[in-house]
Amino acid sequence: MNSSSSQLEAFLARLYVDPEARANFKANPRAEAQKAGLSEDHCIALENVDWIGLEMAARSFAKKRRLKRRPNWFDAFRSRFTRLHFFRFGQK
Amino acid sequence: MEAQGAAAGAEGVAGVAVAKMMNTPQVRDVLRASALADRVGLGWRPDLAAGIFEHLDGIDLLEVIADDFFSAPRRQVRALKTLAAQVPVVLHGVSLGLASSSPVETKRLDQMARLMDQVRPEFWSEHLAFVRAGGFEIGHLAAPPRSTASVDATASNLHRAQAAVGAMPLVENIATLIDPPASTLSESAWLNGILCSSNCGLLLDLHNVLANGLNHGYDPLEFVRQIPPDRISAIHIAGGKFVSAPDGSQRLLDDHFHDVPDPVFDLLEETAARATGPLTVILERDGDYPSMDSLLAQIAQARRALAKGRDRHRDRRAQLIEAVA
C-alpha cells in the first residue's frame, strides 16, 4: 500500500463528502493540503485541481448518497399513511 | 474397389448417424451455448421484472447488481438462483473499490464469493474506482488519481479478489465529472496498465467513454482504438444528460436515466469491428423507466451496431488475406 496515495485518496474523499472541508480547501488549497500531510507533488496538483469538476462531482455524490439512504421510521410512516384517502382529504 | 465402396458406404452411414446425433435438441443447445456469438442483455432491476419475464426471448442475458443481495433475505437469494437457472446471469459489483490504494475489505470479498457460489454466474465484474477512504464513504464511484502507484494497487486488489472469489472479475472503466488530480497517466494508458499487470478482461462502458471524452477533452473513438481489442469481453451501454456547471459550461452526467444516444452505438460498432472475441453487451437503465418496447428497441439497435462492426471486421480480414495472397 502506498501511504502517499492513500493520504491523497482520503483527502479527496473528505472533499467529496464534507462541504465545510471543501470550502476551506477552496479558500486556501495549499495550506489545507499541507495540513493533511500530503506530499509536495500532491499539494501542487491540488492547487491546480479541476475546481468545476470537484464541485459537480461532490454534488453528484451527495445526490447518490441521498438516494441510497434507507428510509427511517418517519419516512416509512409518511409514505404509508399519505397513501390513505383520509390524509388526502380536500385534495383534488 | 469394393472395399473402397464399402468404406465410403460405412463413412456415409457414420456421417448420417453423426448428423442425426448432432441434431438432437440437447446437442443443439450445447453448440449454441459454446458458439462464439455476441449477446445483448439488460441490467436486472426489480421495476423491470415483469417486462423482462414477458420478453425473455429478446434478451440474451441479465446483469444483476451483486451488492443488492449481500445482505438480502434467503428467499431473495433463492429467487435469484431460480432466475439464474432460467436465463444466463452475470453479477456486477458496485462497492468493492478495486482501484483504491487500500486493500479491498475481506468482508466484502467474502460476500461476493458467497453469492458467486450460490448463483454461479457466467462471470462477475467490478468498477475501477475508489468508493471510500480515510473513514469517508463517498457513496458512489470515484476516479482515483491515475498513476503507476494506483495501477499497482489496483492489480494487487484484483489478485486478492481473484483469490477470494475464485475468478478474476472483468474491470469496468468509470465516468468521472472531475479530472482526478495528481494524475500522471492518460485514462487509456492507466487502463491498459491495469489490464496488462493483472491479466484481466475489460467491461468497456461506452457511455462512460463518451462522457469522459466530452468532459475532459479527448476523442472517445480514439480512446476505443487505444484499448487492446483482445481484452474487451463485455460492454455497457447507457444514456445520460448534460448538467450545467457553476461557470455556465456543461458536462455529461452518466445517470442511466436516459436512452442510449447514437454516439454510443457508433462506439459499439467500432468496438465490434476491433474486438477479437465474443462480446456481451448490457443495456443499463436505473430510473425514469421507459416502456419495455423502448428498451427492446435499444437492444435491437445494439444488435445492429454489433453486426455492422462484425461485418467491417470480416471485410478488413478478407482484404488483408487477399493482400497477402
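Does Ser198(B) count as buried or exposed, and at what relative accessibility? Ser198(B) counts as buried because its relative accessibility is 2%. Buried means under 20% relative accessible area, exposed means over 50%, and partly exposed lies in between, using a 1.4 Å probe and protein chains only.

This is a predicted model, in which local features need pLDDT of at least 70 and side-chain atom pairs count only at pLDDT 80 or more, while totals for chains, interfaces and linings use all residues. Residues are numbered from 1 along each chain as its sequence is written, chains are lettered from A and ligands numbered from 1 in the order in which they are written, and side-chain values use heavy atoms, with hydrogens and water left out.

Stay with Ser198(B) for a moment. Ser198(B) sits in helix H7 of chain B, which covers residues 187-198. Helices are DSSP runs (H or I, at least four residues), numbered from the N terminus. A polar atom of the Ser198(B) side chain lies 2.6 Å from the backbone oxygen of Ile194(B). Leaving out residues up to four places away in sequence, Ser198(B) touches Ala155(B), Leu158(B), His159(B) and Met168(B). Contact here means heavy atoms within 4.5 Å.

Now look at where the two chains meet. Chain A brings 29 residues to the contact, and chain B brings 31 residues. Together they bury about 2,600 Å², with 70% of it on carbon and sulfur atoms. Buried area is the accessible area (1.4 Å probe) that two parts lose on being put together, summed over both. On chain A, Glu9(A), Ile52(A) and Met56(A) supply 25% of the area buried against chain B, more than any other three residues.

One salt bridge joins the chains. Its partners are Arg251(B) and Asp50(A), whose side chains meet at 3.0 Å, N to O. A salt bridge is a side-chain nitrogen of Lys or Arg within 4 Å of a carboxyl oxygen of Asp or Glu. Which helices of chain A each supply at least two residues of the side that touches chain B? They are H1 (3-17), H4 (40-47) and H5 (51-68). H5(A) gives the most, with twelve residues.

How far can you trust chain A? Its mean pLDDT is 83, and 72% of its residues reach 70 or more. The pLDDT is the predictor's confidence in each residue, from 0 to 100. In chain A, confidence is highest in helix H2 (residues 19-27), at a mean of 97, and lowest in helix H6 (residues 73-81), at 57. Over residues 85-92 of chain A, the pLDDT is below 50. Where pLDDT is low, the predicted coordinates should not be read in detail.

Notes:
A polar contact is a pair of N or O atoms within 3.5 Å; within protein, one must be able to donate a hydrogen and the other to accept it, and residues adjacent in sequence count only if both atoms are side-chain atoms.
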